[in-house]
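Trainee: I have just opened this entry and would like to learn how to read it. Could you walk me through it step by step?

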Amino acid sequence: MKKQTIKTTFITLLLGATVGCSSLTQVIPPDIKIAQTLEQTDTFSELQTLPPPMGSIPVSVYSFRDQTGQYKPIANVSSFSTAVTQGASAILVQALNETDWFIPVEREGLQNILTERKIIRAAQDTNNGKADKLPPLKTAKILIEGGIISYDSNTKTGGLGAEYFGISTSELYREDVISIYMRAVDVRTGVVLTSVATTKTVLSHEVRAGFFRFVSYKRLAEAEAGYTNNEPMHICVKQAIEKALVNLIKSGIKKRIWSPKVTT
């Protein structure tokens, strides 16, 4: 009877430790999912709700780089990786392509385009030039410059925990901050038409619960559960770039660099 009571008590306390915090319902690993389309962010919705432009402006992006120089260690591996994504240029071009205000022209992979055009010209020469001539590459009026200029880790940390009679729960969080600068440059004059800056916090959240108890002489019962939730870095960079682009368009409208479409 005593063993049964101890077993019942152990199960009750274990369940109380692992489900006492409502957040611990995420302890069970999620199922494997197939590839899916990246969900749009709130900042992208803000970009889509901008007024339509008077006309789309051709823009070019040569490089929108990570200028932080920040690296982070990889768990269980004696090496380091960059703290932020190196694909900021691709994210910016995608955002430019999704808005009606700009027409992005390819510049990061310009050498690949020139190589393909040479191959086409060589093929045309073998056919005695019967094929149509290649049109000239489209020029840009605006050059988008800037990059990820800072990544500050552990800007804010905190937590809360409690322990009673061998049962413990804790909740911790950490905030990092990334900052982005973006500017529009007039290709003809090199004048910086407008410049904006945005920041985005990167949140890491951890919840743990544990049970530690001697159930009888020399018999120790111990259990622990928890989960960690980290914001994907590339999503945070995407949101910061989209917000910067929204601010860039609004700043250009305010300075009368470009104009929204007049509705009657």
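Mentor: Gladly! Let us begin with a term: a residue is called buried when its relative accessible area is under 20%, exposed when it is over 50%, and partly exposed in between. Keep in mind, too, that this is a predicted model.

Trainee: Thanks. How many helices and strands does the protein have?

Mentor: There are 5 helices and 9 strands. Along the sequence, their order is α-α-β-β-β-β-α-β-α-β-β-β-β-α. Of the 264 residues in the protein, 32% are buried.

Trainee: What should I look for among buried nonpolar residues?

Mentor: The general idea is that in soluble globular proteins, nonpolar side chains tend to be buried together. Here, the largest nonpolar core has 36 residues, and Phe 102, Ile 144, Ile 178, Met 182, Ile 241 and Leu 245 have the most contacts inside it. Among the elements giving two or more residues to this core are strand 1 (57-60), helix 3 (88-98) and strand 6 (142-164). Helix 5 provides the largest share, 10 residues.

Trainee: And how do I read a pair of aromatic rings?

Mentor: Such a pair is described by the distance of the centres and the angle of the planes. A search of the whole structure finds 1 aromatic pair. The ring centres of Phe 102 and Trp 258 are 5.6 Å apart and their planes are at 90°, so this pair is edge-to-face. It links distant parts of the chain, since Phe 102 is in strand 5 (residues 102-105) and Trp 258 is in the segment after helix 5, 156 residues apart.

Trainee: Are those two residues buried or exposed?

Mentor: Phe 102 has 3% relative accessibility, so it counts as buried. Trp 258 is buried as well, with a relative accessible area of 6%.

Terms used: Residues numbered from 1 in each chain as written. Predicted model: local features only at pLDDT ≥ 70, side-chain atom pairs only at ≥ 80, totals over all residues. Heavy atoms only, no water. Phe/Tyr/Trp six-rings, centres within 6.5 Å; stacked < 30°, edge-to-face > 60°. Helix = DSSP H or I, 4+ residues; strand = E, 2+ residues; numbered from the N terminus. Buried < 20%, exposed > 50% of the residue type's maximum accessible area, 1.4 Å probe, protein only. Core = buried A, V, L, I, M, F, W, Y, C linked by side-chain atoms within 4.5 Å.
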